[in-house]
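Student: I've got a fold to look at and would like to learn how to read it feature by feature. Could you show it to me and start with a pair of side chains?

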Amino acid sequence: MFENGEKMKTVKRILLGLLSLVIGLVILFAGSIAIDFAIGGERIKAVTNTTIPGQNGGPDVHAYVATPPGEGPFPVVIMIHEFYGLNESIVGKAEGLAQEGYLVVAPDTFRGSTTAWIPRAIYQVITNQSEQVNQDLDSVYAWIEAQPNAAADRVGIVGFCYGGRASLSYSLHNDQLAATVIFYGSPITDPQALQSLPGPVLGIFGGADNSIPVEDVNAFEAALSQAGIPNEITIYENQPHAFVTDMESIRSGGVQGQAWAQMLEFFENNLKQGAASQNPNSPQTYQDSFDCEYYLIVSYDHAFGTASHNQLHP
């Protein structure tokens, strides 16, 4: 009897210790997010150059706009950042794409928040739901339509990581988009949901991406084909999540250069040479959700694994 009592006390101590550890970690991470927010409040100003008026009661949207040389109207690409938020890496990609003849709008979809700290990156995704992101992107699209140097009938969208999924989600929301490019974003594999995509899809994934199994990529391709959506899905063998980092690496060639060139060819065919034919299916209301497993694996890969996001900040 005495021994059983001692065992119960030991178990209680262990459980209390574990509970204290969990509470301590929660407080630590919550505090680190608050500190990062406090010291990084001005970061977004350094990577934006345009304020886009909010539509339908929404707030203004801050964005980086890269304009190509010459006279328009130019085909337009909306570029969505990773889960870190808008940063210098995306600004560099926007400028690089603009040099190819596209007006590029890279909006801040986290409403003033950007970071290099993974816990806050996750917090940004959780606290900016897809409905809110789509509302802000509607403001961006309305602004594009009003620009004299923008070919409003030739607007595409591209996104990286979180931005890949956000681009796919917005294409299901806005039936005026001509083309969608997804760089290693969590795919949707429901053909019924995908059938309302307004134009062709290019998907670029890494064969060694721990967060998106090859089976999911294949299921995405099959679902797009079943839904009747023209698609080009490529898996770059042995490449991890976020393998396309910045313009310097892209210009160095290799796999990053190949993936970028594939995107350029896709946009050349579907934006520069005229807008792709529109899908006659009406857009559906797609309720996107936070993919906890995907972001946990992405976070681990960024912290300890092979993911190579370039989260530059001034």
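**Aromatic rings**

Tutor: Phe-205 is buried, and Phe-220 is buried too; that word stands for under 20% relative accessible area, with exposed over 50% and partly exposed in between (1.4 Å probe, protein chains only). Bear in mind that this is a predicted model, where local features need pLDDT of at least 70 and side-chain atom pairs count only at pLDDT 80 or more, while totals for chains, interfaces and linings use all residues. Residues are numbered from 1 along each chain as its sequence is written, and side-chain values use heavy atoms, leaving out hydrogens and water.

Student: How many aromatic pairs does a search of the whole structure find?

Tutor: The general idea is that a pair of aromatic rings is described by the distance of the centres and the angle of the planes. Rings of Phe, Tyr and Trp (its six-membered ring) pair if their centres lie within 6.5 Å; planes under 30 degrees apart are stacked, over 60 edge-to-face, and the rest tilted. Here the search turns up 12 such pairs. One of them joins Phe-205 to Phe-220: edge-to-face, 6.3 Å centre to centre, with 80 degrees between the planes. This pair links distant parts of the chain, since Phe-205 sits in strand E7 (residues 201-206) and Phe-220 in helix H8 (residues 214-226), 15 residues apart. Those labels come from DSSP runs, numbered from the N terminus: helices are H or I with at least four residues, strands E with at least two.

Student: And which residues do ring pairs link into a cluster?

Tutor: Phe-160, Phe-183, Tyr-184, Tyr-236 and Phe-243. You'll find Tyr-184 in the loop between strand E6 (179-183) and helix H7 (191-194). At 1% relative accessibility, Tyr-184 counts as buried.

Student: Which other residue has a positive phi although it is not a glycine?

Tutor: Ala-242, at about 60 degrees. Ala-242 belongs to the loop between strand E8 (231-236) and helix H9 (247-251), and with a relative accessible area of 0% it is buried.

Student: Where is the peptide bond that is cis?

Tutor: Look from Gly-72 to Pro-73, where omega is near 5 degrees. Pro-73 lies in the loop between strand E2 (61-66) and strand E3 (74-80).

**Helix packing**

Student: At what angle do helices H4 and H11 pack?

Tutor: First the convention: axes are lines fitted to C-alpha atoms, for helices over the stretch in contact, and angles run from 0 to 180 degrees between N-to-C directions. Helix H4 (residues 118-127) and helix H11 (residues 292-304) pack at about 155 degrees, with their axes 10 Å apart. So H4 and H11 are roughly antiparallel; the classes are under 35 degrees for roughly parallel, over 145 for roughly antiparallel, 65 to 115 for roughly perpendicular, and oblique for the rest. Their contact (heavy atoms within 4.5 Å) uses Ile-118, Ile-122 and Val-125 of H4 with Tyr-295, Ser-299, His-302 and Ala-303 of H11.

Student: What about H5 and H6, how do their axes cross?

Tutor: Helix H5 (residues 130-145) and helix H6 (residues 162-173) have axes that come within 10 Å and cross at roughly 70 degrees. That makes H5 roughly perpendicular to H6. On the H5 side the contact has Ser-130, Val-133, Asn-134, Leu-137, Asp-138 and Tyr-141, and on the H6 side Tyr-162, Ser-169, Tyr-170 and His-173. Asn-134 is buried, at 8% relative accessible area. Leaving aside neighbours within four places in sequence, Asn-134 is in contact with Ser-169, Tyr-170 and His-173.

Student: And H3 with H10, at what angle do they pack?

Tutor: Helix H3 (residues 88-98) and helix H10 (residues 254-272) pack at about 50 degrees, their axes 12 Å apart, so H3 and H10 count as oblique to each other. Lys-93, Gly-96 and Leu-97 of H3 meet Trp-260, Met-263, Leu-264 and Phe-267 of H10.

**Whole chain**

Student: Zooming out, how many helices and strands does the protein chain have?

Tutor: There are 11 helices and eight strands. Of the 314 residues in the protein chain, 52% are buried. Among contacts with a separation of 6 or more, 75% come from residues 24 or more positions apart.
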